[in-house]
Amino acid sequence: MSFDNHPTHLRIHQYAGLKSGPKLLVTAAVHGNETCGVSGIEQVMAALDSGALQLLRGTLTFVPIANPLAHQLGRREGERNLNRNLHPAVIAQDFEDRVAARLCPLLASHDVLLDLHSFQSQGQAFVMLGPQDNAGDLEPFAHASAEAALAKCLGPARIVEGWLSTYELGLRRRAANKHEAFAPRQDLTLDPHYGVGTTEYMRSQGGYGVTLECGQHLDPQAPEVARLAILRSMALLGLISPESAPAQQPSRPAEVLQLYEVIDRQHSDDRFEQAWTSFDAISKGQKIGTRHDGSAVLAAADGRIVFPNSKALPGQEWFYLARPSPRDLSA
């Protein structure tokens, strides 16, 4: 594969405290058109460089533009989604594989990850949280308490869990229903590693981390959400003084939702019943959309619709369903 005219490097900035401490990695623009995190990182770097912010200990690493090709093109992906199937490839098949060859060792060398994103539809910022401690085969984990503390400190009042287990459910269903008319890259979406992105890879290497969805792509407040989240993460880990991170405004406890179902688009004529936005409330039996053959797609239970994608290709995720999580994060 030719890589002519592709970016040839990742820009990585590192601040090494003179006292030992945790190693925090902050990434942005994993999806190239999600730029609020880039701005948030640049503001924190400017404060560190000017001396307005002091790194007391530990290591702080920034990757402001994790997918430079997608960022250069002003779109979500370069040649594929960097935040899926993330692992060091033996032989690079695309640009994102070349990025992964540098990004994965960087993830593995850190303790904590804050990955900054934004989303297409309107809505409030939210945090994506990993699993509870477990010794299972899908995503074994031993840092659930620390990761939950990180999620809660960032500011948003909504936390979503259950990504990889729900994606794996869809993966098995997709494999069972593979069809030639489906997306041209379905061979990739059927890969067992396809649900693995930055945070999942981080957990697989013994660390922990969260994805912060800072708001709609063009929301003027999203860069500030990103900046505050970086500072609050640094303060939580003791990299900066608590006074250096603006305190959160008092609010009600975070709403914790659990993804439990993913529905694929089966045909280009599948259509939504309305212009859904992530976290719109739905009732059991409510009509969400209509298949190309006229059959109705109904909500299985009361809850919320998440990540509705009216532009999804056949064979790819159309939307997710979430319900209140039994997980208690109040401690």
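Which elements cover the buried residues of helix H3? Strand S2 (23–28), strand S3 (59–63), helix H2 (68–73), strand S4 (112–119) and helix H7 (198–204) are among those that do. Here, buried means under 20% relative accessible area, exposed means over 50%, and partly exposed lies in between, with a 1.4 Å probe and protein chains only. This is a predicted model, in which local features need pLDDT of at least 70 and side-chain atom pairs count only at pLDDT 80 or more, while totals for chains, interfaces and linings use all residues. Residues are numbered from 1 along each chain as its sequence is written, and side-chain values use heavy atoms, with hydrogens and water left out.

**Helix H3**

- Helices (H or I, at least four residues) and strands (E, at least two) are DSSP runs, numbered from the N terminus.
- H3 takes in residues 95–108, and its 14 residues reach 20 Å from the first C-alpha to the last. That is close to the 20 Å expected at 1.5 Å a residue, where the expected span is 1.5 Å times one less than the number of residues.
- A kink of about 30° sits at Ala101, shortly before the proline Pro105; the bend is the angle between axes fitted to the seven residues ending there and the seven starting there.
- At the start of H3, a side-chain oxygen of Asp94 comes within 3.3 Å of the backbone nitrogen of Glu96.
- The buried residues of H3 are Phe95, Glu96, Asp97, Val99, Ala100, Leu103, Cys104, Leu106 and Leu107.

**Nonpolar cores**

- A nonpolar core is a set of buried Ala, Val, Leu, Ile, Met, Phe, Trp, Tyr and Cys residues joined through side-chain atoms within 4.5 Å.
- The largest one holds 45 residues, of which Leu60, Phe62, Leu116 and Met234 touch the most other members.
- Two or more residues of this core come from each of S2, helix H1 (36–50), S3, S4, helix H4 (144–153), strand S7 (208–216) and helix H8 (222–236).
- Apart from it lies another core, of 19 residues, with Ala100, Leu103, Leu106 and Leu107 among them.
- Setting aside residues up to four places away in sequence, Leu60 touches His13, Gln14, Tyr15, Leu24, Val26, Leu48, Leu55, Met234 and Leu239; contact means heavy atoms within 4.5 Å.

- Asp270 is found in the loop between strand S8 (255–264) and strand S9 (271–272), and is buried at a relative accessible area of 1%.
- A polar atom of the Arg203 side chain lies 3.0 Å from the backbone oxygen of Gly209.

**Positive phi values**

- Phe279 is not a glycine, yet has a positive phi of about 80°. Phe279 belongs to the loop between S9 and strand S10 (280–282) and is buried, at 7% relative accessibility.
- Phe307, also not a glycine, has a positive phi of about 55°. Phe307 lies in the loop between strand S13 (303–306) and strand S14 (317–324) and is partly exposed, at 25% relative accessibility.

Note on methods. A polar contact is a pair of N or O atoms within 3.5 Å; within protein, one must be able to donate a hydrogen and the other to accept it, and residues adjacent in sequence count only if both atoms are side-chain atoms.
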